[in-house]
Amino acid sequence: TLVNAFAVSCNSVFAPLGVKLGGARLVAMAKRFGFNQPPSIPGAAESTIPSARTIGDDLSVGSSAIGQGLVQATPLEMSDVAATIAMGGRRPIPTLLAHQRPRFVRVASPRVAHQVQQMMIAVVQYGTGTSAQIPGVVVAGKTGTAELKNTSTNSGDPNASSPQNTDAWFVGYAPVGHPRVVVGALFPNQGAGGAA
């Protein structure tokens, strides 16, 4: 199922779905989530995705759909993505100003956000993110693995599959239904997201 594919982070399901969606729609949705926009926090790095024209062929679109290729995402960006799902599809604009009324931008419908939330719950309940379980608390999350170079064992590089060649990350929020905390963590050169 789609939920199970998300829970176990199955790229071979989501890359073809990205191709079916198409580069233009993929990039448009990424922009709604904050990609290719100057960050609202001074000094923060910008998360980027190439334009639909620049991405290229179907293989590159599929690669971009799973966050590989030329996609660059910061922990702040991915935390904001998790917060958007936690807030029912309303993206909170990050700020460092205390006591400021939060600003939101509608990114997805509450129905779509709820569906993604169910997938994120599955990640923590039985998927790649079981390490994020908290007794008595329903946690929603997503693991990720960012390749820093070609990690294919067919590349001829005997060290291709080394954890040093990938960054691991996790984003999540809790408790589901009444979110109080959103977290994003990046573990440079530490291997697969769930394992790290």
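**Labels and their cut-offs**

Guide: Pro 175 lies in the loop between strand S4 (166-174) and strand S5 (181-187); strands are DSSP runs of E, at least two residues, and helices are runs of H or I, at least four, numbered from the N terminus. A cis peptide bond, with omega about -15°, joins Ala 174 and Pro 175. This is a predicted model: local features need pLDDT of at least 70, side-chain atom pairs count only at pLDDT 80 or more, and totals for chains, interfaces and linings use all residues. Residues are numbered from 1 along each chain as its sequence is written, and side-chain values use heavy atoms, with hydrogens and water left out.

Visitor: Why is the pair of Phe 6 and Phe 14 called edge-to-face?

Guide: Ring centres must lie within 6.5 Å; planes under 30 degrees apart are stacked, over 60 edge-to-face, the rest tilted. Here the centres are 6.0 Å apart and the planes stand at 80°, so the pair is edge-to-face.

Visitor: What makes Phe 6 count as buried?

Guide: Buried means under 20% relative accessible area, exposed over 50%, partly exposed in between (1.4 Å probe, protein chains only). Phe 6 has 14%, so it counts as buried. Phe 14, at 22%, is partly exposed.

Visitor: How do you know that the charged end of Lys 142 sits over the ring of Phe 6?

Guide: NZ of Lys or CZ of Arg must be within 6 Å of the ring centre and within 35 degrees of the ring normal. The charged end of Lys 142 is 5.4 Å from the centre of the Phe 6 ring.

Visitor: Why is His 99 called exposed?

Guide: Its relative accessible area is 85%, so His 99 is exposed.
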